[in-house]
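Today I opened a new notebook page for a structure I had not looked at before. Here is what I looked up, entry by entry.

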Amino acid sequence: MSVSVHPALPEMTGNYLFQQIGKQAVDWEAAHPGERMISFGIGDVTQPLAPVVAEALRIAAAEMATHRHRRGYGPAAGYDFLRQAIANEYAGYDEIISPEEITVTHGAKEAISDILTLFDPRTPVWICDPGYPAYREIAQSAGFSVHSIPRTEENNFLPLPGDISEPGIVFLCSPDNPTGAAFSLAAWQAWVDFARENGSILIADAAYAAYLAEDALPRSVFAASGARECAIEIGSFSKSDGFTGLRCGWIVLPEGLRASGVALAPCWRRRLACRSNGVGYPVQRAAEAALSPTGKRQGAAALSVYRRCSELLSRHFIEANISFWGGKNAPYLWAKCPSGTDSEILARRLLEERGVVVTPGEGFGALGRGYLRIAAFAGEKDTAEAIRRMSGIL
Ligand code: PLP
């Protein structure tokens with residue numbers, strides 16, 4: 001037999017959504033020399049690292065340059081200092097999480113991809129439509145079949161388990177990218193109760209937990225009782241602490257969680273031992289600093305910039321009489337295209353005529369057609385300028 005490519009890959013046509021948007025923006029800039037584009041398109045943060053995080057990186061890099069303190073391969077699951085700091089974030093939830101249940105990763109996207117290697121690709125994967133496109137792409141490229149859970153205006157973009165017809169791996173993101181919707185404790189509890197009963201495993205993506213503004217909304221699936229028996233959580237320092245270019249996240253895999261009777265944690269440890277040498281020491285020290293009281297205070301200042309951008313956009317949509325969701329507990333606004341305009345055409349007009357990048361909703365799934373995702377990371381000055389430019393179109 002000759003060498004052949006993974007059978008799922010040739011079937012995956014086109015570029016990954018955010019590569020496409022990036023290319024459109026580059027093309028626009030090339031065609032409009034001297035003009036400035038404003039991007040609400042790709043969900044990358046724009047504020048610099050917190051000073052205490054940058055300092056931790058510098059100190060760790062200096063340590064690495066000495067014989068005495070240099071570090072080689074670290075523990076595959078992460079250094080204890082960071083696993084402990086992350087576990088502390090779960091204190092006070094219904095379900096207790098210990099440091100041993102935490103794996104430090106190179107980010108949430110890598111974690112999504114890694115965690116799926118635990119499961120038989122014949123297991124159905126359920127994802128929300130619209131939803132973060134990486135779930136579908138990663139699952140399909142690993143050979144899983146993917147099924148949709150509709151996120152719609154009717155369910156306020158907060159689906160309940162009713163649409164799951166057979167047990168599987170269920171990706172749930174709260175606060176959500178792209179709709180900005182966030183599950184209440186009662187909604188998480190409904191998902192947990194359902195998963196325990198029908199043998200599904202929830203993969204809760206908490207990448208935007210730091211943006212939750214309403215105190216009553218839980219930051220983790222582990223706020224729901226019984227979640228340890230059916231849930232894995234993925235977290236990230238990307239959007240909370242500006243680590244998109246530094247790369248650090250984590251997985252919570254509860255000891256005792258089982259799939260078809262087999263304990264997952266020992267399989268995961270075995271998998272880690274053969275496939276990972278862990279995340280770099282300076283990055284883990286930087287992440288530890290982000291979770292320190294000073295790191296949290298400095299990080300909150302960056303988040304408040306994005307929050308003010310969300311407020312500016314929300315105010316604009318209210319004044320322009322455009323229906324929208326989100327923008328309160330997440331850095332995303334999900335706007336309905338006025339009077340049934342096509343979302344792709346509208347997004348293209350905003351770029352070509354006004355130099356403003358937004359993401360057409362269908363990039364997040366077929367049910368996203370007719371909506372636009374606006375990411376509130378552009379900074380206050382550019383957000384105000386983009387609002388002025390969009391006037392008359394959106
Ligand atoms: N999960 C969601 C819902 C996201 O929107 C993103 C990035 O946009 C990620 C995960 C990836 O985060 P990371 O930078 O940690 O890989």
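**Entry 1: Ser238**

Ser238 has a relative accessibility of 5%, so it counts as buried, the cut-off for buried being under 20%. I noted for myself that this is a predicted model.

Next I looked up where Ser238 sits, and found it in helix 8, which covers residues 238–241. Leaving out residues up to four places away in sequence, I listed what Ser238 touches: Val45, Phe243, Thr244, Arg247 and Cys248.

What is the order of the strands in the open sheet? I read it as 2-8-7-6-5-3-4, seven strands with mixed pairing. Strand 2 and strand 4 (146–150) each have a single partner strand, so they stand at the edges and one side of each is left without a neighbour in the sheet. From one strand to the next, the twist averages 25°.

**Entry 2: strand 8 and its partners**

I picked strand 8 and followed its pairings. With strand 2 (residues 102–105) it pairs in the antiparallel sense, over four bridges. Here I found Ile102 opposite Val252 of strand 8.

Strand 7 (residues 231–236) also runs antiparallel to strand 8, and four bridges join the two. In this pair, Ser236 stands opposite Gly249 of strand 8.

Which way do the residues of strand 8 point? In strand 8 (residues 249–252), Gly249 and Ile251 point one way, while Trp250 and Val252 point the other way. I also checked burial, and all four residues are buried. As a reminder to myself: in a regular strand, side chains alternate between the two faces of the sheet.

**Entry 4**

I moved on to strand 6 (residues 201–205), which runs parallel to strand 7 and is joined to it by four bridges. For Ala204, I looked up the bridge partner in strand 7 and found Glu233.

**Entry 3: empty space inside**

Last, I looked for cavities. Rolling a probe the size of a water molecule over the atoms shows where empty space is left. How many cavities of 30 Å³ or more are there? I counted three.

The largest cavity has a volume of about 50 Å³. I wrote down its lining as Tyr211, Leu303, Tyr306, Arg307, Ser310, Gly327, Lys328, Asn329, Ala330 and Pro331. Sorting the lining of the largest cavity by type, I got five nonpolar, three polar and two charged residues.

Methods:
Residues are numbered from 1 along each chain as its sequence is written. This is a predicted model: local features need pLDDT of at least 70, side-chain atom pairs count only at pLDDT 80 or more; totals for chains, interfaces and linings use all residues. Side-chain values use heavy atoms; hydrogens and water are left out. Buried means under 20% relative accessible area, exposed over 50%, partly exposed in between (1.4 Å probe, protein chains only). Two strands pair if DSSP finds at least two bridges between them. On a 1 Å grid over the protein atoms alone, a cavity is a set of points where a 1.4 Å probe fits but cannot get out, and a pocket is an open set with protein on both sides within 12 Å along at least five of seven lines; lining residues have an atom within 4 Å of a point. Grid points are joined across faces, edges and corners, and a volume is the space filled by probe spheres set on the points. Ala, Val, Leu, Ile, Met, Phe, Trp, Tyr, Cys and Pro count as nonpolar, Asp, Glu, Lys and Arg as charged, and the others, Gly among them, as polar. Axes are lines fitted to C-alpha atoms, for helices over the stretch in contact, and angles run from 0 to 180 degrees between N-to-C directions. Contact means heavy atoms within 4.5 Å.
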